[in-house]
Amino acid sequence: MPAPPERPVGCPPGLEYLTQLDQILVHQQVELLEAFLNWETKNRYVVKNSMGQQVFYAREESGLCWRLCCQQGRPFVMHITDNNNEEVIRIVRPFQCCAGCCWCADGGNCCSLTINIESPPGTIVGTVTQTRSSWKPEMNVMDSSGETVLKIRGPCCLCNMVCCRCDIQFAVMSADLTQEVGIISKQWAGAIKEMFTNADTFSITFPRDLDVKVKAVLVGALFLIDFMFYEQKN
């Protein structure tokens, strides 16, 4: 990976290289214990640029009882480190026992799934919150002050199995919903991988000049989408 540029004003430390990117790929690593024994393990991901070069590594921190009892609904902390093993982004998902229903979610109430993004760790740069919708998943992307800066609109069909081999796209829209500014895509990983593992592949595209803190928040949105829709047992 090329050396990161000098840190721009307002850029959290460790995110200098992210300022230059307009696409990242996120590959969940296959856990053999989980695949063969149905034993929920901590997720691990490799984050790459569009040329396939690793730029970050993500590892889940969660308790065994949470993983076994709550599975995709478990709370977790996702530590994202650079190639020097320095933590640059921390993603925190609290436990919400009654959240997730698209009809009841109301952008921050107890029924809305929420995830917080910190960069550097300990400093919140944004939050992603599920909002009320009829069928299609909808989320608000908010900055550190709680102001909605982007909105995410998902498809009606979230299936990604053998019968439906297309990529599943979640549109990243401007706050007023007049312009599409990016896409979070759940990519088809092949029949064997989709049928027998939870190891998913995602991509995010966004404008190169988008605020790097908002880029970090969109990474958090990707993990929220993964746990909401694609961590179920196959």
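Reader: Which residue in β7 is the bridge partner of E118?

Author: Bearing in mind that this is a predicted model, the bridge partner of E118 in β7 is I124. The two strands involved, β6 and β7 (residues 124-130), pair in the antiparallel sense over five bridges.

Reader: How many residues lie between β6 and β7 in their hairpin?

Author: There are five residues between them, and in the turn G122 has a positive phi of about 105°.

Reader: Which residue takes a positive phi in the hairpin of β4 and β5?

Author: N85 does, with a phi near 65°, and that hairpin has five residues between the strands.

Reader: Back to β6, then: why is it described as largely enclosed?

Author: The reason is that four of the five residues of β6 are buried, so the rest of the structure largely encloses the strand. Buried here means under 20% relative accessible area.

Reader: Moving inside, which residues touch the most other members of the largest nonpolar core?

Author: They are I80, I184 and F223, in a core of 49 residues. Helix α4 (residues 212-229) gives the most to this core, with 13 residues.

Reader: What is I80 in contact with, leaving aside its neighbours within four places in sequence?

Author: Its contacts include F56, Y57, A58, I89 and I91, and also V219 and F223.

Reader: How much space lies in the largest cavity, roughly?

Author: About 50 Å³, and the count of cavities of 30 Å³ or more comes to one. By class, the lining of the largest cavity has eight nonpolar residues, with no polar and no charged ones.

Reader: Change of topic: where is the place of C166?

Author: C166 sits in the loop between β9 (148-153) and β10 (168-174). C166 is partly exposed, because its relative accessible area of 41% falls between the limits of 20% for buried and 50% for exposed. From C166 to Q187 the C-alpha to C-alpha distance is 7.4 Å, although the two are 21 residues apart in sequence.

Key: Residues are numbered from 1 along each chain as its sequence is written. This is a predicted model: local features need pLDDT of at least 70, side-chain atom pairs count only at pLDDT 80 or more; totals for chains, interfaces and linings use all residues. Side-chain values use heavy atoms; hydrogens and water are left out. Two strands pair if DSSP finds at least two bridges between them. On a 1 Å grid over the protein atoms alone, a cavity is a set of points where a 1.4 Å probe fits but cannot get out, and a pocket is an open set with protein on both sides within 12 Å along at least five of seven lines; lining residues have an atom within 4 Å of a point. Grid points are joined across faces, edges and corners, and a volume is the space filled by probe spheres set on the points. Ala, Val, Leu, Ile, Met, Phe, Trp, Tyr, Cys and Pro count as nonpolar, Asp, Glu, Lys and Arg as charged, and the others, Gly among them, as polar. A nonpolar core is a set of buried Ala, Val, Leu, Ile, Met, Phe, Trp, Tyr and Cys residues joined through side-chain atoms within 4.5 Å. Buried means under 20% relative accessible area, exposed over 50%, partly exposed in between (1.4 Å probe, protein chains only). Contact means heavy atoms within 4.5 Å.
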